[in-house]
Amino acid sequence: MIEIEYKFKIPSDKAEQYLRDVVGGNNPTDKLVGIYSIEQYYIVDNHNVAMRVRVVDRDTQHERRILTIKEACEGISRLEIERDLSKEESDGLRALHIGKLIKTRYVIDAQGSHWDVDVFHGDLVGEVYAEIEVASETSSYHTLSCHNDLIPVSGREHSNAYLASLHDS
């Protein structure tokens, strides 16, 4: 499947206030859909591909373990393949990790557009990114109400794989 994604950085102080309002139900346009705890273990990361194991909501009834292979490229479109893993498969692959990150994901509906706002933990505390996936490169979308604070980013230095390689939190 081709993933088409726009990514933005949010200054942590602005993100903190924005998320407090959204989680508290005090934002008139942006609504909280869900909050997830995510651990990502990178197995491969080079200039062609990144492969990771993601564990979502560990030790809960909603726990998911997902293998993701992503094409590493510039721009907003890239090949992405995902499949669910068993606990044994994910534990085996996680043991091979070369980088790890932990984040909390806030899924937010902004007038029908679904955004992921990721707040990083550990060595990456203070890093906050917002992402939106769209159907095509010409698709329109509604921005988050904190749009004045969104800083468009692209390139490897803003990828989760790269951040995980710098900090093994």
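Is Asp59 buried or exposed in this predicted model? Asp59 counts as exposed, because its relative accessibility is 70% (buried means under 20% relative accessible area, exposed over 50%, and partly exposed in between, with a 1.4 Å probe and protein chains only). The model is predicted, so that local features need pLDDT of at least 70 and side-chain atom pairs count only at pLDDT 80 or more, while totals for chains, interfaces and linings use all residues. Residues are numbered from 1 along each chain as its sequence is written, and side-chain values use heavy atoms, with hydrogens and water left out.

The protein contains three helices and nine strands (DSSP runs of H or I with at least four residues, and of E with at least two, numbered from the N terminus). Their order along the sequence is β-α-β-β-β-β-α-β-β-β-β-α. The radius of gyration is 16 Å, close to the 15 Å that the globule rule gives for 169 residues, so the protein is as compact as a globular protein of that length (the radius is taken over C-alpha atoms, and the rule is 2.2 Å times the number of residues to the power 0.38). Along the principal axes, the C-alpha atoms fill a box of roughly 45 × 35 × 25 Å. Buried residues account for 43% of the 169 residues. Of the contacts with a separation of 6 or more, 58% join residues 24 or more positions apart (contact means heavy atoms within 4.5 Å).

The largest pocket has a volume of about 1000 Å³. On a 1 Å grid over the protein atoms alone, a pocket is an open set of points where a 1.4 Å probe fits, with protein on both sides within 12 Å along at least five of seven lines; lining residues have an atom within 4 Å of a point. Grid points are joined across faces, edges and corners, and the volume is the space filled by probe spheres set on the points. The lining comprises 49 residues, of which Glu3, Glu5, Arg52, Lys70 and Glu131 lie nearest the pocket centre. It divides into 19 nonpolar, 11 polar and 19 charged residues (Ala, Val, Leu, Ile, Met, Phe, Trp, Tyr, Cys and Pro count as nonpolar, Asp, Glu, Lys and Arg as charged, and the others, Gly among them, as polar).

Glu5 is placed in strand β1 (residues 2–9) and counts as buried because its relative accessibility is 8%. Beyond four places in sequence, Glu5 touches Ile76, Arg78, Glu131, Ile132 and Glu133. Lys70 belongs to strand β4 (residues 64–71) and, at 17% relative accessibility, is also buried. Contacts of Lys70 beyond four places in sequence include Glu3, Arg52 and Arg78.

Ile108, in strand β6, is buried with a relative accessible area of 0%. Its C-alpha atom is separated by 4.7 Å from that of Leu32, 76 residues apart along the chain. Among the residues that Ile108 touches are Tyr18, Val22, Trp115 and Leu144.

Backbone angles were also considered. Most residues other than glycine have a negative phi. Asp59, in the loop between β3 (49–56) and β4, has a positive phi of about 60°. Gln111, in the loop between β6 (99–110) and β7 (113–120), has a phi near 55° and is partly exposed, with a relative accessible area of 46%.
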